[in-house]
Amino acid sequence: MRKKWEWSLLTIGCIVVLTVGSMGVAHAQSYPNKPIRLVVPFIAGGAADLLAREVGQKLAESWGQPVVIENKPGAGGVIGAEIVAKAAPDGYTLVLGTVVTHAIDVSMVSKLPYDPIKDFSPITLVGSIANVLVVNPSVPANSVKELIALAKSKPGQLNFASSGSGLSQHLAGELFKTMAGVDIVHIPYKGSIPAITAVVNGESSLILNVLPTTIPQIKAGKVRPLAVTSAKRSAILPDLPTVSEAGLPGFDVVSWFGILAPAGTPKEIVAKLNKEIVKILQMPDVRDRLFKQGAEPLSCTPEQFDAHIKQEIVKWGEVVKKSGAKME
Amino acid sequence: MDLLHNLIFGFGVAFSPVNLLYCLIGVIVGTLIGVLPGIGPLATIAMLLPATFYLSPVSALIMLAGIFYGAQYGGSTTSILVNIPGESSSVVTCLDGYAMARQGRAGPALAIAALGSFFAGCVATVIIALFAPPLAKIALEFRSPDYFSLMVLGLVSAAVLARGSLLKAFAMIILGLLLGLVGTDVNSGASRYTFGISELFDGISFVAIAMGMFGLSEIIFNLEAKGKKEIFTSHIHGLMPTKADVKASWKAVIRGTLLGSALGILPGSGSIIPPFASYTLEKKLAADPSRFGQGAIEGVAGPESANNAGAQTSFIPLLTLGIPSNAVMAMMMGAMMIHGIAPGPEVISKQPDLFWGVVASMWIGNLMLVVLNLPLIGIWVRLLTVPYRFLFPAILIFCCIGAYSLNSSALDVGFIAIFGLLGYVFRKLDCEPAPLILGFILGPMMEENLRRTMVLSRGDPTIFFTRPISCGLLLAAAFLLMLIVFPTLRHKREEVKE
């Protein structure tokens with residue numbers, strides 16, 4: 001009787017082990033077999049959110065599994081990024097990381113609750129939004145060189161607006177200050193729309209604002225565009241020189257967005273995600289809609305994304321140190 | 001006449017079957033979203049935006065606009081029925097609307113809210129049609145010093161809101177100010193009173209405070225008093241407003257509409273200021289101010305008209321200047337850009353079907369909303385007859401779901417509990433929550449604009465008086481302060497004399 005009991009236990013044990021083991025193997029092969037969470041660390045309706053929804057919707061269509069967009073705004077993106085850093089690396093939780101969450105915050109925020117390199121597996125870049133340097137029409141400068149000369153002749157008198165302390169517009173302005181050697185005063189606003197409004201009505205003289213909210217004002221003639229901040233000319237405003245061409249060689253500021261998974265996500269899942277998302281970013285209707293919003297679609301391999309993040313961390317670390325800006 | 005021609009053109013666009021359908025969908029969704037506490041038009045529009053990609057730009061904007069002002073209609077429903085503001089703009093409606101519901105007059109309150117909103121919507125549509133470009137130019141004149149002075153005026157008038165002791169009202173305003181400080185400071189990036197908790201970096205959630213102090217504290221209060229009196233009197237006094245109600249409220253509706261239209265244009269002033277301003281005005285102008293807070297119908301009619309007028313005129317800066325006045329407008333701008341339309345002064349001339357179609361659809365949407373909401377009043381009122389022991393858990397669950405749905409944050413739900421308790425304590429001490437809410441919202445805006453003005457003027461405070469708008473607003477605030485304080489002083493002097 002005792003022998004039978006032992007045999008039954010052994011059989012049950014084998015069945016359990018085989019099932020669990022095969023589930024593990026089948027898991028990677030059948031990914032995805034349940035809904036995917038894409039965490040967006042910014043509010044609904046912002047540039048990051050719209051990018052995520054675009055990608056998420058197409059992903060859901062091609063894989064037949066829902067992609068749920070979860071907005072977890074707060075602390076400049078730190079809250080959302082932290083959640084995914086600590087999530088299970090099974091490929092069902094992803095984050096839309098940005099230059100702020102994965103390159104700037106590590107230098108700006110003391111006691112960041114995650115490490116942008118160690119806690120994440122990059123999948124791919126999805127897009128970038130350039131900033132454009134515009135001035136109020138009453139400012140007597142028609143080019144970057146003239147602006148720098150004007151600022152040098154009036155130290156401490158010109159104001160530059162930004163969408164908030166520690167965000168890319170602020171640091172872009174600080175980089176401009178350092179590279180051009182001018183003394184302009186930073187005026188932070190709550191978001192990019194009050195900031196560009198301030199330049200339109202003259203409260204501030206200039207701003208390095210994100211493209212989407214600036215295009216309407218440029219088209220209406222309410223602000224004068226001087227240059228784009230990316231290293232290459234923007235496909236959306238091809239006639240504008242880059243800041244680098246126009247007087248500050250080496251100036252390169254873009255807000256990039258990418259999708260990342262928690263560290264330890266299986267390589268097959270990362271590869272599968274990468275392949276599908278890159279395919280989505282080549283679709284003409286997706287590209288068209290992104291362009292209309294002022295974003296340029298990008299794509300790359302996970303390794304390239306990883307290298308990019310590392311480079312950006314170093315670059316922004318320098319800017320933050322030179323500007324002395326710090327967020328608690 | 002050019003205007004008539006344009007409006008007829010607009011109605012032609014808006015009356016097409018497709019656009020009528022999308023208008024209907026928009027206002028129905030908007031009303032539902034407004035009724036549900038917590039989730040608001042912003043998140044809804046973000047979720048529905050991809051669905052609009054395949055629509056024509058006019059239809060897309062008509063639907064999204066319908067969601068936005070439909071939410072203003074729906075928000076007042078929960079404020080009146082259960083003292084929970086469905087939207088931030090409905091906080092003021094809680095004050096008298098809920099009191100009316102307690103007296104069995106929820107029907108008239110809901111009806112006046114709907115009718116007042118409809119009137120305001122019609123007038124606002126005409127204002128947009130006639131005055132959009134010049135009004136937008138005025139709105140652009142507002143700079144940081146002017147916003148500061150506007151906030152000061154707002155805070156002083158918050159004291160008018162309270163019924164009881166002036167000292168307690170000021171104390172609550174200041175407490176609200178202090179609570180508003182929690183979070184990251186705009187001007188310096190420093191985080192204040194966050195205790196290292198990431199969720200507090202952007203401040204305490206307004207929805208959590210409002211639901212806690214209004215809704216939850218009310219529930220606790222009612223449960224304590226249970227058995228001693230009926231929560232809602234079972235004698236319903238009819239569903240429609242009486243002649244006396246209409247007579248009392250029509251002036252409030254007109255004043256609320258004008259005030260809301262004026263304040264709604266200012267970018268960044270938020271949807272909460274028009275209703276508060278209207279309530280303050282009505283209370284100051286009333287023959288018997290002590291009725292306010294006890295179920296004065298002007299306290300519902302005025303603010304509801306103001307918030308609907310404000311919601312519609314907030315489209316003006318976007319449609320004429322390409323500057324969105326709030327986050328919802330920013331989403332609309334995104335929607336317009338996706339469809340290849342650059343918002344700005346050229347929209348009126350280059351895309352007349354868009355501009356006039358949307359303007360005309362606002363009127364149609366308002367009509368649909370009144371037709372939708374009035375019959376529903378009967379159902380809502382019957383909801384109140386459900387025994388309280390079933391009603392309050394349902395309210396609690398909706399509150400928690402609503403608060404959680406905003407940021408998927410359990411901390412927000414915890415805050416409802418904390419502020420509910422706090423609200424209950426304050427009620428026992430005879431301190432009112434409304435001034436605290438106003439202080440909470442206006443305080444940070446006031447501080448942000450004050451410090452920014454100081455940086456802009458390089459430390460020179462006279463800028464507040466050299467700018468005409470700012471000077472005017474500060475004088476109005478001083479005047480209002482005197483109006484509030486002097487009667488109290490005179491009263492005390494009389495007491496001493498005796």
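Modeller: Helices (H or I, at least four residues) and strands (E, at least two) are DSSP runs, numbered from the N terminus. With that in place, Pro274(B) can be located in helix H11 of chain B, which covers residues 273-285. The model is predicted, so local features need pLDDT of at least 70 and side-chain atom pairs count only at pLDDT 80 or more, whereas totals for chains, interfaces and linings use all residues. Residues are numbered from 1 along each chain as its sequence is written, and chains are lettered from A and ligands numbered from 1 in the order in which they are written.

A residue is buried if 20 or more other C-beta atoms lie within 10 Å of its own, exposed if 12 or fewer, and partly exposed in between, with C-beta atoms placed from the backbone. Pro274(B) is buried because 33 other C-beta atoms lie within 10 Å.

Two residues are in contact if their C-beta atoms, placed from the backbone, lie within 7 Å. Apart from neighbours within four places in sequence, Pro274(B) has contacts that include Leu259(B), Gly260(B), Leu263(B) and Gly264(B). Also among them are Ala306(B), Asn307(B), Ala309(B) and Gly310(B). Leu258(B) is 16 residues from Pro274(B) in sequence, and their C-alpha atoms are 9.7 Å apart in space.

For a view of chain A, consider helix H4(A), residues 99-108, which is mostly covered, with nine of its 10 residues buried. Among the buried residues are Val99(A), His102(A) and Met108(A). Their cover includes H3, strand S3 (93-98) and helix H12 (302-323) of chain A.
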